Amino acid sequence: MIQLYNKSVYLINGKDIIEDDADVQAKLARLGVSVSKEQARKGTISHGILSSHNKSTDNNLSLKFDSLTSHDITYVGIIQTARASGMEKFPVPYVLTNCHNSLCAVGGTINQDDHVFALSAARKYGGIYVPPHIAVIHSYNREMMAGCGKMILGSDSHTRYGVLGTMAVGEGGGELAKQLVGKTYDMPMPEIVGVFLEGEVAKGVGPQDVALAVISAVFNNGYVKNKVMEFVGEGIANLSVDFRNGIDVMTTETTCWSSIWETDDKVKTYLDDHDRGEDWKELKPAHAAYYDGFIKIDLSKIEPCIALPFHPSNVYTIKELQKNAKDIFAKTEEDNKSYGLNLGLGMKCRDGGVWAEQAIIAGCAGGIFENIMAASDILKGASIGNNNFTMSVYPESQPTYLELVKNGAVETFMKAGVLVREAFCGPCFGAGDTPANNELSVRHVTRNFLNREGSKPNDGQIASVALMDARSIAATAINGGKITSAAELDFNFGKHKFFFDKTIYDKRAYNGIGNPKPQTELVFGPNIKDWPKMPALAENLLVKVVSFITDPVTTTDELIPSGETSSYRSNPLKLAEFTLSRKDPDYVGRAKEVQELGCQPFVLEQIKNIEGCSNIEFSGIGIGSAIYARKPGDGSAREQAASCQRVLGGSANFALEYATKRYRSNLVNWGILPFVISKESDLTLGTYVFFPDIKAAVQGKKENITGFVLGETISEITVTLGELTDTERQILIDGCLINYYAK
């Protein structure tokens, strides 16, 4: 079904896969090909797009993006950072959508205050403002901004428009702020992994099924981590653009850096239908293309899948779950015991089936037109029943919603007992449709991390989310919540044409591209606050470990929970109060104690016992808190996962590795040292670690940095900072990105 190659490969003529081994040149010669590895590297689609956006003359990339995009959890902080860094106008198109904090129910007026701020910023600096409920961020960009050969940078981790020929990257807000002040996005050239599709999906199989199968195959082994996934192969032609988009947006959950697909006549038709035919061009690999890794997928072998809590990689076929539910649920409970939770999944096995209490199809993954129409076809003339099972559908945009009204799908849903709602991302991150305690919700959204369904385990409230495709969700709904694969149905899906009506955006979205109005005053609500001052890196640094997390992976949702906390994204001090609130409720108090008390005399005495440190005084020591986590940063791109630590005096993270580049970049941009250690046993909760001459070590690009673990005895610890650009080193020395630009 899915084959991961152990060797790099050459792809010849878009179809012949030649592994890079000792006989590779002979194999290529038999195909009439003579090409070097370096020449073939330049034959990928990815290399061409990256090269055309690269402003560097050395081996690293310095990228300028064609446009930027943010939603209402992130844009205030980004604009505030860019303003403090000297921005006078948006230098490239910048889309500000309102699809995350669009429910104005928590915190009074503050969500809508952010929206008013964004509109004033779009006017002042020359951007695009998409009002609440009009479109989710990625749907608007697919419909209006993405085009072949472009690059888009977004402050949301699911920024993926590869199907439309756009290499899109989800990053923390600091990277967008850099683009807004005319700087570049800097990184080494990433490795490119080819994803070869062949065959055709069976009836009842949807894009989420394909995506989950891929995530399951590559997440735990890190096969595509921080790499580009380049989709090629004859199987692409058998998929509609909507189907491809549904797979593409989920590539974020593989931990890849970006994605790109071959483009064909179906993409041309899509762009033509959206009045953007000029944005099409054919993209495909050259005659010979070299891939650092390769994945081969037989689409015909993919079955309807389900991802159980608490990760999209925890995947089983629905058939497996139906057959072995008790054993699978017991394993899931065991795998998640570190959370100290009883998920109650065993209660879902009854009456000869596995039962859910809620179903949702929503957002940039589920709310796509074809997904919703497939669900409508299944539900036509049926009923979800009048028991406790509920179902909601959120179309991805108002143009999609309008078409569903015109073609009768909305009527079908309403008659079946399904609620049809506005464009909203909330069901994906815990800001809407929270199930009751111990309930199971099946959702076609992007994530099923802990807390992203709105539960509060610390208060004894726990619900669970499983990811499924819209087709199998609809099949489940007509059975009253009994989990059912769409492949079990004897059913024919209709062919539904989508007619895009751009006037919806023309009449409601504000487009100020190329027309900034600098005289416009920004409108600040009472919750919108400036960033507090951040200290520069001291000559010597003392850190205290105030949170010690031993889970295999720590998500950004655990570092700064989503849900109701989202309302405080524009207020750094208030938001910081929620840091690690669900994972480690005592963290904030411990961090504040370090921030307020500083270096204690007994600690200074220990420092003076270190060879060469006897003359160090209080004034020569910077002090901050630190967290340890084995593998932090999986999930969202939100910069607040780092900035909240910094606001509370955080100076460092210790980790065995970092889950994503974007989280590590967030740490750097907020002046937090991203230390990597080799032995967890070197640290414990409450450990003090002293780093003499840390500023000189960062400045001098020292590969291994020696610290001293203080206590009754003093021991050495070796940390590394990994690869950093000169700019990143200076940002760390200055204390954060804002300080760097202020200088």
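User: Hi! In the protein chain, what share of the contacts with a separation of 6 or more comes from residues 24 or more positions apart?
Analyst: Hello! In this predicted model, residues 24 or more positions apart account for 75% of those contacts.

User: Nice. And how many helices and strands are there in the chain?
Analyst: The protein chain has 26 helices and 34 strands.

User: What about its radius of gyration, and why does that agree with a compact globule?
Analyst: The radius of gyration is 26 Å, which agrees because a compact globule with 743 residues would have one near 27 Å. Along the principal axes, the C-alpha atoms fill a box of roughly 80 × 65 × 60 Å.

User: How much of the chain counts as buried?
Analyst: Of the 743 residues, 63% count as buried.

User: Let's switch to helices. Where are H8 and H9, and at what angle do they cross?
Analyst: Helix H8 covers residues 207-218 and helix H9 covers residues 241-248. Their axes come within 8 Å and cross at roughly 35 degrees.

User: Is that crossing left-handed or right-handed?
Analyst: The crossing of H8 and H9 is right-handed.

User: Which residues meet there?
Analyst: From H8, Pro207, Val210 and Ala211 meet Phe243, Gly246 and Ile247 of H9.

User: How do those residues divide into nonpolar, polar and charged?
Analyst: Five residues of the contact between H8 and H9 are nonpolar, one is polar and none is charged.

Definitions and conventions. Residues are numbered from 1 along each chain as its sequence is written. This is a predicted model: local features need pLDDT of at least 70, side-chain atom pairs count only at pLDDT 80 or more; totals for chains, interfaces and linings use all residues. Side-chain values use heavy atoms; hydrogens and water are left out. Axes are lines fitted to C-alpha atoms, for helices over the stretch in contact, and angles run from 0 to 180 degrees between N-to-C directions. Helices (H or I, at least four residues) and strands (E, at least two) are DSSP runs, numbered from the N terminus. A crossing is left-handed if the near helix is turned anticlockwise from the far one by less than a right angle, and right-handed if clockwise. Contact means heavy atoms within 4.5 Å. Ala, Val, Leu, Ile, Met, Phe, Trp, Tyr, Cys and Pro count as nonpolar, Asp, Glu, Lys and Arg as charged, and the others, Gly among them, as polar. The radius of gyration is taken over C-alpha atoms; the globule rule is 2.2 Å times the number of residues to the power 0.38. Buried means under 20% relative accessible area, exposed over 50%, partly exposed in between (1.4 Å probe, protein chains only).
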